[in-house]
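Dear colleague,

I am handing over a structure that you have not worked with before, and I would be glad if you looked through it alongside the notes below. The notes begin with the whole chain and then turn to a single residue.

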Amino acid sequence: MTEIEDSTECSKCGSIIDTSKDTDSKRVPCQNCGSISRLHTVNIVEKLKAVDGYGVIGKRLGKKKPFVEEISMPEYSHSKEKIVHKYRLIDRDNDKYSEKISDYQSGEIIHQCEEPLTEHFGHGSAKFQNTKKKK
């Protein structure tokens with residue numbers, strides 16, 4: 001969000017001057033010191049909202065795959081053309097997959113999926129796995 005603030009003050013004494021009565025050919029003198037010198041100030045303030053996230057991976061010694069993965073972070077949505085919040089939990093010990101994508105501004109849930117991990121296939125990189133037909 002952008003805010004623009006402008007003000008005019010006397011360059012001699014610093015008093016705030018109402019320039020609404022000034023014309024192109026004549027300036028109204030400062031009521032405090034009588035000067036017609038002006039100092040115009042324009043402040044442009046850009047307000048930003050910062051978002052952050054986290055990611056956790058739990059592994060056991062001697063095991064290749066993590067037993068739990070969890071992320072909660074901002075991600076760019078190409079379909080929405082803006083940053084959204086993405087939460088994902090992959091819990092291999094408890095056979096659980098959970099994913100929720102929501103809009104930061106409205107809180108609207110864009111996508112939600114909760115299912116056993118063993119039934120979660122055909123998504124993401126799993127779409128491209130080679131599935132050979134048995135003869």
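Read from the N terminus, the elements of the protein follow the order β-β-β-β-β-β-β, which amounts to seven strands and zero helices. Please keep in mind that this is a predicted model.

As for overall dimensions, the C-alpha trace spans about 95 × 35 × 25 Å along its principal axes, and the radius of gyration of the protein is 30 Å, whereas a compact globule of 135 residues would have one near 14 Å. Of the 135 residues, 19% count as buried, and the protein exposes about 11,100 Å², of which carbon and sulfur atoms supply 50%. Among the contacts with a separation of 6 or more, 27% are accounted for by residues 24 or more positions apart.

Thr8 counts as buried because its relative accessibility is 11%, and the cut-off for buried is under 20%. Leaving aside residues up to four places away in sequence, Thr8 touches Ser15, Ile16, Ile17 and Thr19, as well as Arg38, Leu39 and His40. With His40 there is also a polar contact of 2.9 Å, which joins the side chains of Thr8 and His40.

Definitions and conventions
Residues numbered from 1 in each chain as written. Predicted model: local features only at pLDDT ≥ 70, side-chain atom pairs only at ≥ 80, totals over all residues. Heavy atoms only, no water. Helix = DSSP H or I, 4+ residues; strand = E, 2+ residues; numbered from the N terminus. Rg over C-alpha atoms; globule rule 2.2 N^0.38 Å. Buried < 20%, exposed > 50% of the residue type's maximum accessible area, 1.4 Å probe, protein only. Contact = heavy atoms within 4.5 Å. Areas by Shrake-Rupley, 256 points an atom, 1.4 Å probe, with all protein chains shown as cover. Polar contact = N/O pair within 3.5 Å; in protein donor to acceptor, adjacent residues only side chain to side chain.
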